[in-house]
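I'd like to walk through a few side chains with you, so let me put the model up.

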Protein chains: 2
Amino acid sequence: MRDVTIGEAARESGVKVTTIRFYEERGLLSAPPRSEGGQRLYGAKDVARLRFIRHARDLGFDMAALSDLLELAGHPDAPCAHADRLAEARLEDVRRRIAALQGLEKELERMLSACRSGTVESCAVMESLSDHAHCDGPHDTDALKG
Amino acid sequence: MRDVTIGEAARESGVKVTTIRFYEERGLLSAPPRSEGGQRLYGAKDVARLRFIRHARDLGFDMAALSDLLELAGHPDAPCAHADRLAEARLEDVRRRIAALQGLEKELERMLSACRSGTVESCAVMESLSDHAHCDGPHDTDALKG
DNA sequence: ATAGCATCTACAGTGACTGTAGGGGCAAGC
DNA sequence: GCTTGCCCCTACAGTCACTGTAGATGCTAT
């Protein structure tokens, strides 16, 4: 378990140097020992923890959930129901986001397919944005001009 | 075109009171006239502009794109190619996010379906997070934001 | 006149970083 | 030994698009 500098830990884990220091400040990572010159020295466990963090962040877990997950990781004998719940909450959130984005995709497609590259006045994109029929309330396209 | 207070403008447009003031500060909305008591007074055009802003924000346009769109809205004779490009960029971004999130959805589903509610040590969720095999490729962390 | 909500300004806080300024550490080449 | 050049250090400001707060004032209804 040789020690590596923050730069190498960054390269190995895929977490940026500044972000590693930020995680240390936020307590996601404990402060590592330092070299005589004051540089941080990381071992293999730290790098593994960084990779864990990065993977979880990539999956959309926020830092609060990450704290929980890292706490759990330190207690392998505990029941995993908690981790399970966190993952389920993530999955629900991801599905909600997908549904919302697919709605946007449809609306943007509709806007673009109707665009005839004329002037702004008759542009479907602008009309679409002025038209709040898909949100709520009345619309008044003319009121925006001038 | 009767004038309304910020509260009513908020109700009619669906943009919160504080957010309206924030937009004014950022120049998305020009400073409206005031009542004798110093309260902001909005006309129908302002409310329409707020609805336009809200709709565009809902569709994921950021404030820089919004400035462009609002500028365009003021020049109805200009060609609409610019608005078109903005919408296309939005659509591409939305599709990238959807693809990224569907990847996450699959991974989370896999994690959860393998979880036997045992201990953390054998929990598929934790294993999955520790295992970086599924995430070596280039990453699009942005896909998770917003 | 009073109650009670709406509005005002000004500023701090959010999440998860990113960027900058101004310095010091460290290995290689001269 | 000295310089070059990259890596690292701390501390703090900036990002985005708001949200929240405090304390004062305006407006409306009773």
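Let's start with helix 2 of chain B, residues 17-25, where B:Ile20, B:Tyr23 and B:Glu24 are buried. This is a predicted model, by the way, so keep that in mind throughout. Now, how are those buried residues arranged when you look down the helix axis? They fall within an arc of 100°, so they line one face of helix 2 of chain B. If you want the background, an α-helix has 3.6 residues a turn, so residues three or four places apart point the same way.

One more thing here: just after helix 2 of chain B comes B:Gly27, with a positive phi of about 85°.

Okay, on to the charges. Over all chains, the count is 16 salt bridges. I'll pick out a few.

Take B:Arg95, which forms a salt bridge with A:Glu105, with 3.1 Å between the closest N and O atoms. B:Arg95 sits in helix 5 (residues 81-113) of chain B, while A:Glu105 sits in helix 5 (residues 81-113) of chain A, so this pair joins two chains. Buried or exposed, or something in between? B:Arg95 is partly exposed, at a relative accessible area of 39%. A:Glu105 comes out at 18% relative accessibility, and it counts as buried because the cut-off for that is under 20%.

Next, a pair within chain B. The side chains of B:Asp93 and B:Arg90 form a salt bridge at 2.3 Å, N to O. Both lie in helix 5 of chain B, three residues apart, which is about one turn. Both B:Asp93 and B:Arg90 are buried.

B:Asp93 turns up again, in a salt bridge with B:Arg96, where the closest N and O atoms are 3.4 Å apart. Here, too, the spacing in helix 5 of chain B is three residues, so B:Arg96 and B:Asp93 are separated by about one helical turn. As for accessibility, B:Arg96 is partly exposed at 45%, whereas B:Asp93 is buried at 11%.

Over in chain A, salt bridges with shared partners link A:Arg90, A:Asp93, A:Arg96 and A:Arg97 into one network.

How values were computed. Residues numbered from 1 in each chain as written. Chains lettered and ligands numbered in written order. Predicted model: local features only at pLDDT ≥ 70, side-chain atom pairs only at ≥ 80, totals over all residues. Heavy atoms only, no water. Salt bridge = Lys/Arg side-chain N within 4 Å of Asp/Glu carboxyl O. Helix = DSSP H or I, 4+ residues; strand = E, 2+ residues; numbered from the N terminus. Buried < 20%, exposed > 50% of the residue type's maximum accessible area, 1.4 Å probe, protein only. Arc of directions from axis to C-beta.
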